[in-house]
Amino acid sequence: MAATKKRKLKLLAEMVNGDERTASEDGKGRLELQTWSDLPLELLELILSNLTFEDNVRASVVCKRWHKVAISVRVMNQSPWLMYIPKSGCLYEFYDPSERKIHSLELPELRGCRVCYTKQGWLLLYRRRNHLVFFFNPFTRETINLPSYELAYEIMAFSCTPTSTNCVVFSIKHVHPTVVAISTCHPGASEWTIVNHRNRLPFVSSIWDKPVFCSGLFYCLSLTGWLGVYDPGRRYWKVLAVPPPRCPENFFVKNWWKGKFMTEHNGDLLVVYTSQNKNPMIYKLYRSELAWKEMESLRGVTIFASFLSSLSGANLPGIMRNSVYFSKFRFFGKRCISYSFDDCRYYPRKQQYDWGEQPPFENIWIEPPRHALSSI
């Protein structure tokens, strides 16, 4: 008995010291060594299901058994769809870049409306005829109205899903070289709150600015790259003393304002600059240093860029990671133009696009629910 106990203690010490082996005693009292690959299936599934996407991928190469279990519990996020806005009629097309498929949906509720923004599967729309502003979910057909508001060249955004009590709608309009009018509202409100704010001269607000809600604040990128920020809680507006990101060569030559996009990911602001025959340039805002710094890699993140609003995603299918997907088709609608930072090239090859030639209100990226096909 003493010898058996010593053997057990020795094996336990080996496991603690990184031998990655366990001891188990069979019915005959013999000890057999086991490896991590022999973990019970239920325990292995529990461990792998709690890993991040990147660690799950790493664990899947340990052995065939781990690979099978890792794949079975791996959760990949769904890619946004590119929603095409028809010039007439009510038939809307949704392109899924991960499957390279187009789905169609009749949406008569949107007749005569202009899409302003999208977030978490909801659209923010404006109907010119009666100045109606409202939210619409094309997958559930749910509508949430806001007070009427006369929209003219403003940019609009909202903080979160309109079903949340924290939802804030934001709009900004340039009314004077040194003044901007900021309007806010929320679902259930009876009217909009409009306040004029003094403005630093470098910031010029227009319909082409890129509004983004990030960490409780609304950010706007001006035509020339200056960054304005609005705090909806304090109702405070200012222009940050952050020099604009360095633009690609010849960026200001032709329709330069169309080749710029801004989004957020996990609390970080990201800006994309594009120029014909040049690779995209990605900048990240470092708030503590008040500086934009160019990124050589998106570190697995995917950006979906469009004029009205841009989105970001993580844990997407491998081929989509570390890339920027643009709102333009090639090859008869079978493929989106994208740029891979892993391969340092566009897909399809040599498909750089002059963004100045594309109508800005033609499409917008939208996040579908996980089972979106059941509603189409």
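**Exercises: salt bridges and a buried strand residue**

The side chains of E109 and R141 form a salt bridge at 3.1 Å, N to O; the term requires a side-chain nitrogen of Lys or Arg within 4 Å of a carboxyl oxygen of Asp or Glu. The model is predicted: local features need pLDDT of at least 70, side-chain atom pairs count only at pLDDT 80 or more, and totals for chains, interfaces and linings use all residues. Residues are numbered from 1 along each chain as its sequence is written, and side-chain values use heavy atoms, with hydrogens and water left out.

**Exercise 1.** State which parts the pair E109 and R141 ties together.

*Solution.* E109 lies in the loop between β5 (101-106) and β6 (113-119). R141 lies in the loop between β8 (132-137) and β9 (142-145). The pair therefore ties together parts that are 32 residues apart in sequence. Strands are DSSP runs (E, at least two residues), numbered from the N terminus.

**Exercise 2.** Determine whether D268 and K284 are buried, partly exposed or exposed.

*Solution.* Buried means under 20% relative accessible area, exposed over 50%, and partly exposed in between (1.4 Å probe, protein chains only). D268, at 26%, is partly exposed. K284, at 17%, is buried. Their side chains meet in a salt bridge (3.5 Å, N to O).

**Exercise 3.** Describe the surroundings of I303.

*Solution.* I303 belongs to strand β22 (residues 302-305). Its relative accessibility is 0%, so I303 counts as buried. Beyond neighbours within four places in sequence, its contacts (heavy atoms within 4.5 Å) include T263, L270, V272 and Y325.

Notes
Helix = DSSP H or I, 4+ residues; strand = E, 2+ residues; numbered from the N terminus.
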